[in-house]
Amino acid sequence: MLSCPPELSLPGFYAGFKLFRGDYCLMKHSRIGNLARLAALVFFLFPASLLPAQQPRPARRPGVRAENKASAKARPRLVLLIVVDQFRYDYLTRFGDLFSSHGIGLLMRAGASWTETNFDHVPTFTAPGHAVFMTGAWPSQTGIIANEWYERDTGRKVKSVTDDSTQMLAGKPGEKGYGPRRLLCSTVGDELRVADNDRSKVIGISAKNRSAILPAGRRANAAYWFGTDNGNMVSSTYYFNQEPDWVTRFNNRHMADGWFGAHWDRVLPEAEYLRRAGKDDVPWENLDKSSNDTNFFPHVITGGAAKPSKPFYKALDYTPFANDVLVAFAEEAITNERLGNGEDTDVLSVSFSANDYVGHRFGPYSQEAMDMSLRVDRQIGSLLDFIDAHVGLRNTTVVFTADHGASPVPEQAALMNLPGRRYQKAELLKLVEDGLKARYALADRPATDYIQTFTNREETESGLLNSNFYLNRMALKRDGIDLDECERVVGELAMRMPGVARYFTRAQLENNSISSSDPIARRVLHGFYPPRSGDVVVVFEPYNILFDPPDDPTDPRSTATHGSPYSYDTHVPLIIMGPDFASGSYGQAATPADIAPTLAGLLGVQAPSCSVGRVLSEAMVSERHRPGVR
Ligand SMILES: [Zn+2]
């Protein structure tokens with residue numbers, strides 16, 4: 001039985017600490033009783049990685065931690081926020097014993113881990129989640145209520161990071177760019193830069209623009225994301241008029257192209273996957289043809305293209321290799337921007353998106369989701385090793401978390417006797433539109449336009465998005481219909497759909513007429529920002545999922561998704577590793593909104609403007625109790 005992490009060497013600062021505490025797995029299975037034998041075993045027997053050969057990585061400088069001997073009293077030189085998109089909490093418990101001792105495995109053993117960390121908002125989507133970590137605030141305050149929403153002023157659908165006043169850099173020529181202008185609150189990085197006259201550097205990196213931009217904040221130096229038009233790491237003129245030379249040099253390497261035609265196969269023997277994730281080729285992994293992929297290993301990565309081009313770059317997002325690009329780019333950012341090498345604290349946020357894409361395609365109980373988890377552990381291990389060598393982990397505070405979880409594939413849930421069912425947006429929309437006509441139509445009043453329409457990609461679509469109905473206030477006024485009453489009618493009509501559990505009206509949410517002791521109501525309230533949200537919010541029963549079609553019609557439809565107020569979507573890891581935090585497992589209730597005020601307290605800066613989280617003081621240690629400090 002494979003029950004130990006395959007990698008057992010220990011990075012710098014945490015080596016002494018971990019050996020002092022004893023490595024549970026190693027001691028249990030190897031019966032080594034002294035440190036010398038342990039060190040010898042580590043040095044001689046175990047390779048750095050069991051991963052198959054991949055794209056060559058940049059040469060590493062030898063360790064330079066001696067240059068960076070910060071005093072124990074100094075605040076961290078680097079805050080590293082690591083987000084793994086759609087990484088459910090239970091991936092730690094299902095796969096944690098297979099993790100390496102460098103990556104998530106190291107964080108689990110040397111960090112402070114909160115076992116009951118839940119988001120307290122809906123919808124549990126990527127942009128709202130990413131806006132929480134470094135603001136300490138809910139979507140009702142950040143204004144980031146979803147990945148995209150309908151904008152009443154302009155009558156169009158906008159993304160959370162749409163910013164038409166900017167241009168893309170290193171992307172498609174002439175394309176509009178993206179930025180954080182819709183984020184209404186400051187971040188920890190913003191507060192640092194305001195406090196130290198912009199000496200701190202703050203950089204966000206991800207495959208997704210929203211996941212790079214939102215944690216970094218409004219005053220960030222830069223955000224970079226993966227451009228599927230050309231395989232570059234791209235940015236926008238929000239940050240600068242020209243990307244730095246090191247970014248251009250990185251892009252000129254065309255690193256992504258190295259995976260054209262690559263085979264993605266399991267990192268461990270299949271038996272381990274059969275035991276933990278079931279069979280590979282299963283019918284509920286019903287892939288859209290446009291995915292140009294199979295529902296079983298090995299996955300061959302071309303996107304259906306004959307050479308590296310947009311379909312290939314989009315396909316690469318659905319593989320672990322996209323995360324390798326991010327790690328290589330993050331290392332270049334650390335080196336070239338000298339992150340963590342000055343007297344002031346820098347902030348680097350890295351969000352691994354590929355785990356989310358793969359989770360949408362195959363579901364959380366798939367061999368692919370398991371393999372992505374094992375690989376991102378090793379990828380994070382590479383990044384932490386690099387930081388240990390160039391900054392020193394003793395000078396770094398590492399935060400590890402996720403932006404949401406994921407629900408099982410509805411058809412798989414149903415087979416497991418869980419009440420799973422899949423719904424399409426068009427079904428719910430038709431039911432409500434037909435009901436409104438039946439309720440309100442008269443000879444001279446057709447009542448066909450009470451749901452507001454919006455433009456999106458030069459097409460018109462009806463206002464149902466993120467389970468929010470947007471009502472046409474002008475039409476209701478024209479026909480003498482009371483808005484509050486119509487909200488209730490729409491809610492009751494939606495309740496006729498099997499699987500709809502509850503609804504909340506704008507009137508209820510704006511008048512605070514719902515109880516905050518009702519956990520679903522509270523999460524809806526935390527996700528409601530009046531100028532951007534709809535007028536009726538619908539909540540489905542557990543495992544009953546409403547699927548919105550992809551915004552880009554060339555994107556494949558999802559097999560599984562997330563967005564609900566239920567624990568499979570809200571429960572995420574939260575681990576903080578650094579000299580100021582005592583390792584261990586903490587059962588106190590926590591939320592990802594606690595990260596920002598905790599970091600602000602640690603760094604001695606003002607808490608971000610909207611912060612409502614609590615300081616995670618139960619794990620913060622005084623100087624003399626710091627691990628490894630004598
Ligand atoms: Zn996400």
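**Exercise 1.** Classify alanine 447: buried, exposed or partly exposed?

*Solution.* Take the cut-offs for C-beta atoms placed from the backbone: buried means 20 or more others within 10 Å, exposed means 12 or fewer, and partly exposed is in between. Alanine 447 has 17 other C-beta atoms within 10 Å, so alanine 447 is partly exposed. Next, the backbone: its phi is positive, about 55°, although the residue is not a glycine. Finally, the place: the loop between helix H17 (425–440) and strand E15 (453–456). Helices (H or I, at least four residues) and strands (E, at least two) are DSSP runs, numbered from the N terminus.

The model is predicted; local features need pLDDT of at least 70, side-chain atom pairs pLDDT 80 or more, while totals for chains, interfaces and linings use all residues. Residue numbers start from 1 along each chain as its sequence is written.

**Exercise 2.** Why does histidine 254 count as partly exposed?

*Solution.* Histidine 254 has 13 C-beta neighbours inside 10 Å, so it counts as partly exposed. Its phi is positive too, about 50°, and it is not a glycine. Histidine 254 sits in the loop between helix H10 (245–252) and strand E10 (262–264).

**Exercise 3.** Which strands stand at the edges of the open sheet of 11 strands?

*Solution.* Write the order: E6-E5-E9-E8-E7-E12-E1-E13-E22-E2-E23, with mixed pairing. Strands E6 (176–178) and E23 (584–590) are the edges; each has a single partner strand, so one side of each lacks a neighbour in the sheet. Pairing requires at least two bridges found by DSSP. Inside the order, E1 (residues 78–84) and E13 (residues 396–401) pair in the parallel sense over 6 bridges. Valine 79 has threonine 397 in E13 as its bridge partner.
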